[in-house]
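Please walk through this model with the sequence at hand.

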Amino acid sequence: MAAIGEGCSVARLMGYRGNWALARLLPLRDAAGGDDIFLIQASTSLEKLKVLCEEDEENVNPSVLIKLYTQAILDMTYYEENKLVDEDFPEDTSLPKVKELITILSEPEVVIKETNLHAKHSDMLGTELLECLYWRRGALLYMYCHTITERGEWQSTNTDVLKKCLTDGINYLLQMFKFRCPLQLNEDVSFQDMDTAKLLSEGVFSDTHLLAMMYSGEMCYWGLKYCVNEDPENCDIDINGPGTSSTSLEKSLDFREIGEKILRKYISICEGPLKGQSWNTTNAKQILDFFQHCHH
């Protein structure tokens with residue numbers, strides 16, 4: 001009986017969140033002309049969510065509802081992120097928009113907390129969706145920082161904002177590697193594909209994990225190059241979404257130490273099990289050289 005009560009409560013909560021997301025989605029679809037595939041997918045997920053919440057709330061699995069909502073959020077925000085990139089992150093309006101998207105991409109974890117089901121986020125969302133939420137937040141901040149570091153005049157007066165974005169972006173990307181257990185290589189166990197086994201032992205389960213390494217390394221480079229003399233205590237620009245879990249995104253990072261560690265691992269993988277598969281290490285090696293010769 002308790003499980004049914006919880007299901008009803010989650011169904012009502014997700015029905016409310018779904019209606020909010022649909023109200024936000026409709027103007028986006030109108031602006032896009034109604035033919036954007038990601039907005040269509042988001043609309044389909046929200047319609048399914050609405051039906052389940054209204055017609056089968058006593059029996060529906062809460063995880064199914066939260067996954068539908070999460071997929072809709074991912075598709076809807078992907079359209080908005082692409083628009084920001086296409087517009088080259090307009091200087092006057094992009095930071096508030098980035099903050100808004102970070103908050104929206106944190107929503108699924110907020111919802112899980114509000115359900116009071118006391119379930120792990122990975123159990124409710126599944127590992128891949130949870131990793132995707134952290135990847136998307138980290139990659140969005142990477143793209144934003146990539147753009148603004150090319151604006152020299154902007155850097156000189158907004159280093160605190162840049163450092164906050166870099167710190168949070170790196171933490172989001174590194175968090176991706178904490179949801180799965182790396183494969184344990186054992187001399188007594190033989191693997192048919194040893195290269196794949198080595199990748200899994202390093203926590204690399206997809207191309208996205210490898211990109212997250214390179215993105216993190218680049219962001220550490222920007223942090224050391226542009227923000228090393230800034231006092232993290234003075235940075236009060238909050239771009240963290242309320243759904244961050246497991247780690248505190250507030251603490252200051254050692255850009256050099258983290259960057260060196262992650263880029264050495266990236267190079268080792270690209271020139272080891274992935275050798276000959278078109279992964280470029282030139283930029284990673286140049287950044288490592290900068291770390292070694294920078295005297296900040």
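This is a predicted model: local features need pLDDT of at least 70, side-chain atom pairs count only at pLDDT 80 or more; totals for chains, interfaces and linings use all residues.

Residues are numbered from 1 along each chain as its sequence is written, and side-chain values use heavy atoms, with hydrogens and water left out.

The structure holds 9 aromatic pairs (rings of Phe, Tyr and Trp, the last by its six-membered ring, with centres within 6.5 Å). One of them joins Trp135 and Tyr215, at 5.4 Å centre to centre and 20° between the planes. That pair counts as stacked (planes under 30 degrees apart; over 60 is edge-to-face and the rest tilted). Trp135 sits in helix α7 (residues 127–148) and Tyr215 in helix α11 (residues 207–226), 80 residues apart. Helices are DSSP runs of H or I, at least four residues, numbered from the N terminus. Both Trp135 and Tyr215 are buried (under 20% relative accessible area, with a 1.4 Å probe and protein chains only). Together with Tyr142 and Trp222, they form one aromatic cluster.

Now turn to helix α12, residues 255–270. Its buried residues include Phe255, Gly259, Ile262 and Tyr266. Asp254 caps the N-terminal end of α12. A side-chain oxygen of Asp254 lies 3.2 Å from the backbone nitrogen of Arg256.

Ser45 counts as buried because its relative accessibility is 9%. Leaving aside neighbours within four places in sequence, Ser45 is in contact with Leu68, Gln71 and Ala72 (heavy atoms within 4.5 Å).

Technical notes
Helices (H or I, at least four residues) and strands (E, at least two) are DSSP runs, numbered from the N terminus. The expected span of a helix is 1.5 Å times one less than its number of residues. Buried means under 20% relative accessible area, exposed over 50%, partly exposed in between (1.4 Å probe, protein chains only). A polar contact is a pair of N or O atoms within 3.5 Å; within protein, one must be able to donate a hydrogen and the other to accept it, and residues adjacent in sequence count only if both atoms are side-chain atoms.
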